Amino acid sequence: MTPLEQILKSQITTQGPMSVAEYMSTCLLHPEYGYYSTRDPFGAGGDFITAPEISQMFGELIGLTLAQVWMDQGQPAKIALAELGPGRGTLMADILRTAKAVPSFAQACEIHLIEASPKLREVQAATLSAYTPVWHDHVNQLPSDLPLYAIANEFFDALPIRQMIRDGEGWRERQIGLDNDALAFGLSISAPLAALDHRLSDTKDGDLVELCAQAPLIMRTLAERIQANGGAAVIFDYGDWRSLGDTLQAVYAHEKVPALLKPGQSDLTSHVDFEALITDLPCTHSRLTTQGVFLERLGITDRAQALAKSLSGTALEHHIAAHRRLTHPDEMGTIFKTLALFPKGAHPPAGYEV
Ligand code: SAH
């Protein structure tokens, strides 16, 4: 039994079943035993590998997109370049290295990192030791008087979700309780939920809909700043349009495991509902695009060929595999999606369409 499992069980014994959202946030961010609080989960030795850890090309192309936005929007002298959930800091480092191709853009960037895990803040500080990032717990703490250039890769999929199962005109919430002293899923009694009234017309009894309370609030904060001061946000994640079905997933040592196994030691994510991210925003958003199409539009194949010229042997094989992994429909190319926020009336960032 993991130490966190003991804590969860005694909480359920004294306070009753907990929501999936509470379970997720405890497992991921418990100060002592949470998954992100205690480890660096990325890469071959960790539990999963993300796009920036697969290849530098991912961050390079995003860096060029952001530099282009900056030029299109009149080259402001100072901007907040912010990343939500920067992991190891690799994506930000790749963006900043690429930004040097446009020196006045690089000079304009003030770096802000939204990171909950003290352990990962340390890793980010080491990766970005050539720069002076400022860390925050929440997007509300980003400067409110600067154009905002925000990036988020696999951030929203780590935010806690509730799972609601349609039952007549109401919903039963999936909860975690105890069965024979083991963590087990159960259901609350049925009740209406105003936040899901709009899903009564396209769901039937037994359908499961996921709901993330934090994501729309975070998006609204980004959108307000972008509309007021300029800039853009580019968001990448595993997911699709309009939640339907159970997507809660646990991964331990690169393998999918049951969601209640090894709490605090396995990664927990869900698919992002991009529709919920862009509902009622005060700025414009692009169409949802697959990661593969986005990277191809930005010329990843040309960049891959240029980098390949200086490689041989296993390094070349890894590079070719990385290109495929980022873009191919059988790998991350289709299941990962991206969209951008930008001010009303502005051009969409390169690689995006309205
Ligand atoms: N973007 C990185 C890491 C993705 S993993 C990459 O692509 O490699 C998710 C990241 O979000 C981790 O850095 C994690 O610690 C952070 N995170 C998760 N929940 C958070 C929250 N509620 N607030 C701030 N950061 C959070």
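This is a predicted model: local features need pLDDT of at least 70, side-chain atom pairs count only at pLDDT 80 or more; totals for chains, interfaces and linings use all residues.

Residues are numbered from 1 along each chain as its sequence is written, and side-chain values use heavy atoms, with hydrogens and water left out.

I then checked other polar contacts (pairs of N or O atoms within 3.5 Å). A backbone N or O atom of Gly 85 sits 2.7 Å from a ligand nitrogen atom, and one of Ala 116 sits 3.2 Å from a nitrogen atom of the ligand. On its own the ligand exposes 570 Å², and the protein buries 95% of that (Shrake-Rupley, 1.4 Å probe).

**Shell.** I count a residue as near if one of its heavy atoms lies within 4 Å. That puts 18 residues around the ligand, with Thr 50, Gly 85, Gly 87, Glu 115 and Asn 153 coming nearest. By class I get 10 nonpolar, 5 polar and 3 charged; Gly goes in with the polar ones here.

**Largest pocket.** The ligand's space turns out to be the largest pocket (a molecule sits in one if more than half of its atoms lie within 2 Å of the grid points). A pocket is an open set of points on a 1 Å grid over the protein atoms alone, where a 1.4 Å probe fits, with protein on both sides within 12 Å along at least five of seven lines; lining residues have an atom within 4 Å of a point. Of its 36 lining residues, Gly 85, Glu 115, Ala 116, Phe 155 and Ala 158 are closest to the centre. Among the elements that each supply at least two lining residues are α6 (90-99) and α9 (214-229), while α2 gives the most, with 4. Helices are DSSP runs (H or I) of at least four residues, strands (E) of at least two. The lining has 18 nonpolar, 10 polar and 8 charged residues.

**Second largest pocket.** This one comes to about 520 Å³. Its lining has 19 residues, with Phe 48, Ile 49, Tyr 238, Gln 249 and Phe 336 closest to the centre. I see β11 (249-252), β12 (255-257) and β13 each supplying at least two. Class tally: I have 7 nonpolar, 3 polar and 9 charged residues.

Methods
Grid points are joined across faces, edges and corners, and a volume is the space filled by probe spheres set on the points. A polar contact is a pair of N or O atoms within 3.5 Å; within protein, one must be able to donate a hydrogen and the other to accept it, and residues adjacent in sequence count only if both atoms are side-chain atoms.
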